[in-house]
Amino acid sequence: MEEAVLEVLTDDNVNNYKKKKMKILCLHGFRTSGSFLKKQISKWDPSIFPDDQFELVFPDGIFPAGGKSEIEGVFPPPYFEWFQFNQDFTEYTNLDECISYLCEFITNNGPFDGLLGFSQGAALSGLLLGYQAQGKVLKDHPAIKLFVSVSGSKFRDPSIGEVAYKEPIKAKSVHFIGAKDWLQLPSEDLAAAFDKPLILRHPQDEVTTSQLRDWTMNIVQSDTGLAGNSSEPNNRDIPGDVMKPVEAQP
C-alpha cells in the first residue's frame with residue numbers, strides 16, 4: 001500500500017498530472033467551418049484558453065453547406081453545416097446522423113472535458129450535454145464538465161426537449177447573450193436549461209471574451225481541487241469588445 005502511494009506521489013507522476021490539458025471540442029456555426037471558428041477564437045485573449053492548459057479541437061460539420069454562407073467574401077470556403085432544419089427550427093433533417101457522428105468523434109478523439117459552440121454548434125452542444133446527462137449518448141465517456149455557448153438555442157421539438165432538458169444540466173456553463181442578437185431569447189432559454197449558468201450580457205453585436213478568463217481558470221483550479229464553488233447563478237452585464245459573430249442561423 002505504501003509503495004503504491006509513493007508511486008503516485010513521484011515527481012514524474014505529479015508533473016504528468018500538471019501537464020494534462022483540458023480538451024475542448026469546438027463546434028462551428030451554420031454554413032461556416034472549423035477553420036473559421038478557430039480564426040474567431042484566435043482573436044480572444046490567449047489567457048482565456050492557455051495553450052499549456054487547454055487543447056481546442058475544431059472539426060468541420062458533417063455536411064457541405066447546402067446554400068449560401070453568411071461568411072462568403074469574409075472567409076474562404078469550404079463551408080459546412082451540422083444538420084438541416086425548417087424555418088421555425090422545429091423539424092430537423094440528418095440530426096440523428098449528426099449526433100452519431102459526433103459521439104463517435106468524441107469517443108475516438110477524446111476524452112473531452114468541455115464543449116464550445118457558436119449558434120448551430122452551441123445548440124448541438126447543449127443537446128449532447130443534455131442527452132449525456134440522461135444516459136442517451138456517450139454512456140462510456142466521462143461526464144463533460146464545461147460548456148461555452150455563444151448565441152445558442154434549445155431544440156424546439158418536444159420529443160427532443162422532454163429528454164435533453166428534462167432536468168437542469170449540471171455541466172458548468174457560460175452563455176454569451178447579446179442585446180441586439182436575434183437569438184437573445186433562444187439563448188436565454190438554453191441558459192435556463194443549465195444548473196447555475198453564468199450569463200454574460202453585452203449591449204452590442206460583439207461577443208465579449210474578457211470575462212471568460214476568470215471562469216476558465218476557476219474550472220482549471222476546481223479540476224485540481226484548488227477553487228471554491230459558487231452556489232448561485234451569475235448574471236452580468238458587460239461591454240462588448242472582442243468579436244462579432246457573422247452567421248445568422250442557429
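**A helix and its surroundings**

A: The buried residues of α4 are covered by elements that include β1 (22–27), β2 (54–57), β6 (92–93), α5 and α6 (158–164). Contact here means heavy atoms within 4.5 Å, while buried stands for under 20% relative accessible area, exposed for over 50%, and partly exposed for what lies in between (1.4 Å probe, protein chains only). Helices (H or I, at least four residues) and strands (E, at least two) are DSSP runs, numbered from the N terminus.

This is a predicted model, in which local features need pLDDT of at least 70 and side-chain atom pairs count only at pLDDT 80 or more, whereas totals for chains, interfaces and linings use all residues. Residues are numbered from 1 along each chain as its sequence is written, and side-chain values use heavy atoms, with hydrogens and water left out.

The protein as a whole comprises eight helices and 11 strands, and 47% of its 250 residues count as buried.

Within α4, the buried residues are Leu95, Cys98, Ile99, Leu102, Cys103, Phe105 and Ile106. Viewed down the axis of α4, these buried residues fall within an arc of 160°, so they line one face of the helix; the arc is that of the directions from the helix axis to the C-beta atoms. An α-helix has 3.6 residues a turn, so residues three or four places apart point the same way. On the other side of α4, Asp96, Thr107 and Asn108 are exposed.

The length of α4 can also be checked. Its 15 residues, at 1.5 Å a residue, should span 21 Å, and the end C-alpha atoms are 21 Å apart, which agrees. The expected span is 1.5 Å times one less than the number of residues.

The axes of α4 (residues 95–109) and α5 (residues 120–133) come within 12 Å and cross at roughly 70°. Axes are lines fitted to C-alpha atoms, for helices over the stretch in contact, with angles from 0 to 180 degrees between N-to-C directions. The two helices α4 and α5 are therefore roughly perpendicular to each other, a term that applies to angles of 65 to 115 degrees.

From α4, Leu95, Cys98, Ile99, Leu102, Cys103 and Ile106 meet Leu124, Leu127, Leu128 and Tyr131 of α5. By class, this contact has 10 nonpolar, no polar and no charged residues. Ala, Val, Leu, Ile, Met, Phe, Trp, Tyr, Cys and Pro count as nonpolar, Asp, Glu, Lys and Arg as charged, and the others, Gly among them, as polar.

Conventions
Parallel < 35°, antiparallel > 145°, perpendicular 65-115°, else oblique.
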